[in-house]
Amino acid sequence: MEEPRKTRPDGDCRLEQVLINLLSNALKYGAGRPVRVAMTADGGRALLSVKDEGVGLREEDRARIFERFERAISASEVSGLGLGLYITREIAQAHGGDISVESRLGEGSTFIVTLPLGAGG
């Protein structure tokens with residue numbers, strides 16, 4: 001029988017915020033098309049991916065969108081403060097993981113959060 005995984009007391013709530021932020025962005029930028037969510041395990045890591053079929057990102061925007069108050073699209077086009085992906089990255093890193101994005105302009109984006117399995121205190 002597998003031992004239960006340990007989590008920090010605030011871990012579940014904060015990880016829920018990761019999913020909420022990624023889904024919110026996918027719905028905002030997804031042009032009304034389907035959003036796909038997947039959770040897989042790869043060795044000692046859990047991978048959460050959220051894929052949309054929306055506007056996508058320019059290559060030069062992919063790294064900076066994880067910074068505080070950064071946006072790939074003007075606030076006049078889509079609402080938001082530019083904090084969701086920054087907060088998502090901070091939460092992932094606080095749990096020993098990270099976030100990345102695969103995207104092409106006009107073809108949508110896939111955000112991938114990688115977290116260690118079985119870690120915690």
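## Pairing of E1 and E2

In this predicted model, strand E1 (36–42) and strand E2 (residues 45–51) run antiparallel to each other and are joined by 7 bridges. Within this pairing, Ala 38 has Ser 49 of E2 standing opposite.

The two strands form a hairpin with 2 residues between them, and in this hairpin Gly 43 adopts a positive phi near 65°. As a general point, the side chains of a regular strand alternate between the two faces of the sheet.

Pro 34 lies in the loop that links helix H1 (11–29) to strand E1 (36–42). Leaving aside residues up to four places away in sequence, Pro 34 is in contact with Lys 51, Asp 52 and Glu 53. For one of these, Lys 51, the separation along the chain is 17 residues, while the C-alpha atoms of Pro 34 and Lys 51 are 8.6 Å apart.

With a relative accessibility of 47%, Pro 34 is classed as partly exposed, because the value falls between the 20% limit for buried residues and the 50% limit for exposed ones.

His 95 is found in the loop between helix H2 (84–94) and strand E3 (98–104). The side chain of His 95 makes a polar contact with the backbone oxygen of Ile 91, at a distance of 3.0 Å.

The relative accessible area of His 95 is 17%, and His 95 therefore counts as buried, since that class covers values under 20%.

Terms used:
Residues numbered from 1 in each chain as written. Predicted model: local features only at pLDDT ≥ 70, side-chain atom pairs only at ≥ 80, totals over all residues. Heavy atoms only, no water. Helix = DSSP H or I, 4+ residues; strand = E, 2+ residues; numbered from the N terminus. Buried < 20%, exposed > 50% of the residue type's maximum accessible area, 1.4 Å probe, protein only. Polar contact = N/O pair within 3.5 Å; in protein donor to acceptor, adjacent residues only side chain to side chain. Contact = heavy atoms within 4.5 Å. Pairing = 2+ DSSP bridges.
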